[in-house]
Amino acid sequence: MQLSFRSGNLRLRLTLWYGMAFSILLLLHIGVATYVHYRQLIAQAFHAANEETETVEGLMYQTSDGRVSLKEDYFNHPEIRLRLDRLFEMLSPDGTILYRNSQLRGTELGGPPLPGEGVTSYNERTVRLSDGRKVLVVSHFHLLNGRPIILRLAFDEAPLLASVMRFFSVLLLLAPITVMVAVAVVYRVTSGALSPLSNMVRRAERITAERLSERLPVHDETDDLGHAARVFNGLLQRLEDSFCQLKRFTSDASHELRTPLASLRSIGEVSLQKGHSNEEYREVIASMLEEVRRLTQLVDSLLAISRADSGQMTLHLSSFSCMDLIHEVVSVVGILAEDKHQVIRMVGSEEIAVRADRGILRQAILNLVDNAIKYSPEHSEILIEVRKTPDELAEVSIVDQGPGIPVDEQTRIFDRFYRTDQGRSRGQGGTGLGLSIAKWAVEVHSGSIGVQPAECGGSSFFVRLPLNA
Amino acid sequence: MQILIVEDESKLAYALQQGLQEEGYAATVALSGEDALRWFERTTPDLVLLDVMLSKRNGLSVLREFRRDGFQTPVLLLTALDSVEDRVLGLDAGADDYLVKPFAFPELLARVRALLRRTATTPQATLDLADLHMNLAGRTAARDGVALELTSREFDLLEYLMLNRGRVVSREMLTRDVWKETMRYTSLDNVIDVQVARLRRKIDDPFDVKLLHTVRGIGFVLREE
């Protein structure tokens, strides 16, 4: 319940964040647009004013009393008619006012002439008139019948600003509507996108140790949530595998522990049912001790495995030659091969070395060679080969001429307590943990272990380890 | 020789007591650490067998107190904990040796003997049992004057059995002391059985008097019967 609330909360938070970011961006956008619009209007106005000065220049004439006036048809010009708000001022370079139009209402437009005013350019500038109006002024230097005249033409900024403000307020009024629509759309889209998450959460709540086989629904393989679901399902798969393995291990272990206990108990109880001779009692006790020894070995192996599982084992690393280790192992178990008239052939370079805990790795090789001897027939050959693989690994392979291992059992034989049909009889001895201990011993050194069919029909076990560089 | 057994598992304690008494030692049982410390006040044993996981008071704390009081008596720890760290902890507390449960009784006897004679051990140059003679320096062995052709491992095995002649040695002892295998879970039982059978073929088969005997359920013994 709490989880689904959280997912709703996330939706709301996402929408709010989006709404905020969108509003800020929109305001920024409106501001920039208004400013650009304003600049453009100003530029247009100056451009128009410049064109008009040229028109005005053509209409200027000198009156007989030496003043300057404009021909009347200027005001009849159709475009000009629309711009009767223009302000003119004409003055001579010494500052004498020659002409002022009525729009100026007697105020002066920009005061005395500036040095070089209107000579090089149109001198675009903004001027505040004495009556408070703000106007945009262009100046032009003109020779009328050889007489120098400075022509100033200005227009009021107010209508232009009003137009800009209208533009701005329209945009601003539309903004909340835009934001609301966008937020609504985003809320819908996020809800849609997050609904698989709610489904996943609901499903995940149902998954318990007893229902580890449940998986999260994957709506779309390609999107992020689908990816997350697949990753999570992978995790569940691994959990389920280890859980099953643990269950199997526990049931196997209890089987393996109970069997010798059952023997112990039966042997003891049966022998106490009737009186027996001393010799018979000795026999019974010896038989019980054999079972105890088997139990002890099993418990020792189980302890070693559980210590390995919990990572309590510290590795004492050293560098050594693989061949050296093999010689050592063969010097111990070789006698078993001799007893079965088997030949152990060792091939490979002494040079190939690894860095590992010698004692632990020795255990792995010992178990493999011991198995090879155990399952190979008499008078056969066991080949132990050390070589360097193309991908720079040290590989030890142990090839026997035994019955081989069926393909479907090739990975399972490394499971704890797994026994092949041939190995199932206890006559062969062992705890059923040898190969799983070997597997652990190799993997703890970042190596790999496996088995493949040998050419001659037996099995070829291999151990691959990083070379000692 | 007086041995004090400090062990709260009474079945084990009395079994050890009986076993040690049968070997000619005077053995006493203390079922708790407090009992043991009270016992020390009256008399000092020649050797202490001390269980680490005592129910009330930890064996190691008993050992530390014992050592703090200045007792030099050798102490053999008996424990179900066999990690390297536990071993170091025990030896640091002042133990002289360490034996992991479940142990073979012959092994306990061997450790007890080793601790008791720690002061005076003279390496022997030759070993003899009946007409079997071993020259340890020259690594030769002969029976009834006939030289025995032994492999190196067979010689080591025979030497170990000879050093313990008359006493049963367990497979665990052979695994550790002759094959020098340190991993407790490594089982070399098959190897040992085959090796013993071979040794027997060489030292016993050609002769009427058999010396190397298998004690079923425990191990092997070299003795004249």
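Arg176(B) is partly exposed, its relative accessible area being 30% (buried is under 20%, exposed over 50% and partly exposed in between, with a 1.4 Å probe and protein chains only). This is a predicted model, in which local features need pLDDT of at least 70 and side-chain atom pairs count only at pLDDT 80 or more, whereas totals for chains, interfaces and linings use all residues. Residues are numbered from 1 along each chain as its sequence is written, chains are lettered from A and ligands numbered from 1 in the order in which they are written, and side-chain values use heavy atoms, with hydrogens and water left out.

**Salt bridges**

- Over all chains, the structure contains 38 salt bridges, each being a side-chain nitrogen of Lys or Arg within 4 Å of a carboxyl oxygen of Asp or Glu.
- Arg176(B) is joined through its side chain to Glu107(B) in one such salt bridge, with an N to O distance of 2.4 Å. These two residues connect distant parts of chain B, since Glu107(B) belongs to helix 5 (residues 105–116) and Arg176(B) to helix 7 (residues 171–177), 69 residues apart; helices (H or I, at least four residues) and strands (E, at least two) are DSSP runs numbered from the N terminus.
- In chain A, Glu395(A) and Arg464(A) form a salt bridge whose closest N and O atoms are 2.6 Å apart. Distant parts of the chain are linked here, with Glu395(A) in strand 12 (residues 393–399) and Arg464(A) in strand 14 (residues 459–466), 69 residues apart.
- Glu395(A) counts as buried at 5% relative accessibility, and Arg464(A), at 24%, counts as partly exposed.
- A network of salt bridges links Asp324(A), Glu328(A), Arg358(A) and Arg362(A) with Glu181(B).

**Nonpolar surface patch**

- Val170(A), Leu174(A), Ile177(A), Val181(A), Val185(A) and Val189(A) make up a nonpolar patch on the surface, and together they have about 540 Å² of accessible area (Shrake-Rupley method, 1.4 Å probe, with only the protein chains shown counting as cover for residues). Patch members have over 30% relative accessible area and no salt bridge, like charges being joined within 9 Å and nonpolar side chains (Val, Leu, Ile, Met, Phe, Trp, Tyr) within 5 Å.
- Val170(A), one of these residues, is located in helix 4 (residues 158–206) of chain A and is partly exposed, with a relative accessible area of 47%.

**Largest pocket**

- The volume of the largest pocket is about 1500 Å³. Among the 39 residues lining this pocket, those closest to its centre are Ile285(A), Leu289(A), Phe105(B), Gly217(B) and Ile218(B).
- Two or more lining residues are given by each of helix 6 (278–309) of chain A and, from chain B, helix 1 (10–22), helix 5, helix 7 and strand 11 (212–215). Helix 6 of chain A provides the largest share of the lining, 11 residues.
- Sorted by class, the lining has 18 nonpolar, seven polar and 14 charged residues (Ala, Val, Leu, Ile, Met, Phe, Trp, Tyr, Cys and Pro count as nonpolar, Asp, Glu, Lys and Arg as charged, and the others, Gly among them, as polar).
- A pocket is an open set of points on a 1 Å grid over the protein atoms alone where a 1.4 Å probe fits, with protein on both sides within 12 Å along at least five of seven lines, and lining residues have an atom within 4 Å of a point. Points are joined across faces, edges and corners, and the volume is the space filled by probe spheres set on them.

**Backbone and loops**

- A cis peptide bond, with omega near -10°, runs from Lys101(B) to Pro102(B), and Pro102(B) sits in the loop between strand 5 (97–100) and helix 5 of chain B.
- His341(A), a residue other than glycine, has a positive phi near 55°; His341(A) is found in the loop between helix 7 (322–339) and strand 9 (343–348) of chain A, and is partly exposed at a relative accessible area of 46%.
- Asp144(B), likewise not a glycine, has a positive phi of about 55°; its place is the loop between strand 8 (140–143) and strand 9 (146–147) of chain B, and at 53% relative accessibility Asp144(B) counts as exposed.
- Arg416(A) is in the loop between strand 12 and helix 9 (434–443) of chain A and is partly exposed, with a relative accessible area of 22%. A distance of 8.3 Å separates the C-alpha atoms of Arg416(A) and Gly434(A), which are 18 residues apart along the chain.
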